[in-house]
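Look at the model first, then read on.

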Amino acid sequence: MAELTQWVLESIRAHGPFSVVVGVLIESVVVPLPSPLIIMGAGAILISPELSWAGALSPMVTRIVLPGSLAATVGAFIGYGIGFWGGRPVIERLERVLGFGWTDVQAMEVRLRHRHAGWILAALRAAPVVPLSLISIAVGLIRWPAGSFAWWTWLGSVPRCLLLGYLGWLTRDAYQGL
């Protein structure tokens, strides 16, 4: 894991916002890569320590938030597709491993079929503690419309990237030795 962390941070140093996009896309597919690592690392590396909070906002948005939220939205469609096209047979086959079954999926679908469901999805995306790939798979399973999924995923990814970018910027000293 240390080697992977080092590779991500070196890539961000060398390639800037492009590495944020690639890193977030890789994280969408490869679960062992911790999702906050990329955005926090970018905040530590790409935003000047001399800037004030307000002064850091513009480069934070252009170098981290926009590339990161765009990549998170595109990458979320991998899990969404697994849920959408794998559906019930995959859940029934993996029920013991997953810890939930098709009846649980149906119950979740009922809860998410109300007018505030989009805000729930955005809030789950914004919370840096919720596994993003599981959210995407679950939303694909209930066959939420792809356009709505993209909008609410992006909307939730923006505050997540902003929060994690600022946290990385604030804790940049921890990244200096890496």
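**Aromatic pairs and helix packing**

Q: How many aromatic pairs does the count come to?
A: Rings of Phe, Tyr and Trp (its six-membered ring) pair if their centres lie within 6.5 Å. By this rule the count is 11 aromatic pairs.

Q: Phe77 and Tyr80 pair; which class of pair is it?
A: Planes under 30 degrees apart count as stacked, over 60 as edge-to-face and the rest as tilted. The ring centres of Phe77 and Tyr80 are 5.4 Å apart and the planes stand at 70 degrees, so the pair is edge-to-face.

This is a predicted model, in which local features need pLDDT of at least 70 and side-chain atom pairs count only at pLDDT 80 or more, while totals for chains, interfaces and linings use all residues. Residues are numbered from 1 along each chain as its sequence is written, and side-chain values use heavy atoms, with hydrogens and water left out.

Q: Which helix holds both Phe77 and Tyr80?
A: Helices are DSSP runs (H or I, at least four residues), numbered from the N terminus. Phe77 and Tyr80 are three residues apart, about one turn, and both lie in helix 4 (residues 53-98).

Q: Is Tyr80 buried or exposed?
A: Buried means under 20% relative accessible area, exposed over 50%, and partly exposed in between (1.4 Å probe, protein chains only). Phe77 has 29% and is partly exposed. Tyr80 has 6%, so Tyr80 is buried.

Q: How many residues apart in sequence are the parts that the pair of Trp119 and Trp152 ties together?
A: Trp119 and Trp152 form an edge-to-face pair, 4.8 Å centre to centre with 65 degrees between the planes. Trp119 lies in helix 6 (residues 117-126) and Trp152 in helix 8 (residues 146-170), so the pair ties together parts that lie apart in sequence by 33 residues.

Q: Is Trp152 buried or exposed?
A: Trp119 is exposed, at 54% relative accessible area. Trp152 has a value of 16%, so Trp152 is buried.

Q: How are helix 6 and helix 8 oriented to each other?
A: Axes are lines fitted to C-alpha atoms, for helices over the stretch in contact, and angles run from 0 to 180 degrees between N-to-C directions. The axes of helix 6 and helix 8 come within 7 Å and cross at roughly 40 degrees. Angles under 35 degrees count as roughly parallel, over 145 as roughly antiparallel, 65 to 115 as roughly perpendicular and the rest as oblique. Helix 6 and helix 8 are therefore oblique.

Q: Which residues of helix 6 make the contact with helix 8?
A: Contact means heavy atoms within 4.5 Å. Helix 8 contributes several residues, including Phe149, Trp152 and Pro159.

Q: How is helix 2 placed relative to helix 3?
A: Helix 2 (residues 17-29) and helix 3 (residues 35-46) pack at about 170 degrees, with axes 9 Å apart. That makes the two helices roughly antiparallel.

Q: Which ring does Arg143 lie over?
A: A charge sits over a ring if NZ of Lys or CZ of Arg is within 6 Å of the ring centre and within 35 degrees of the ring normal. Arg143 lies in the loop between helix 7 (132-141) and helix 8. At 4.1 Å from the ring centre, Arg143 lies over the face of Phe84.
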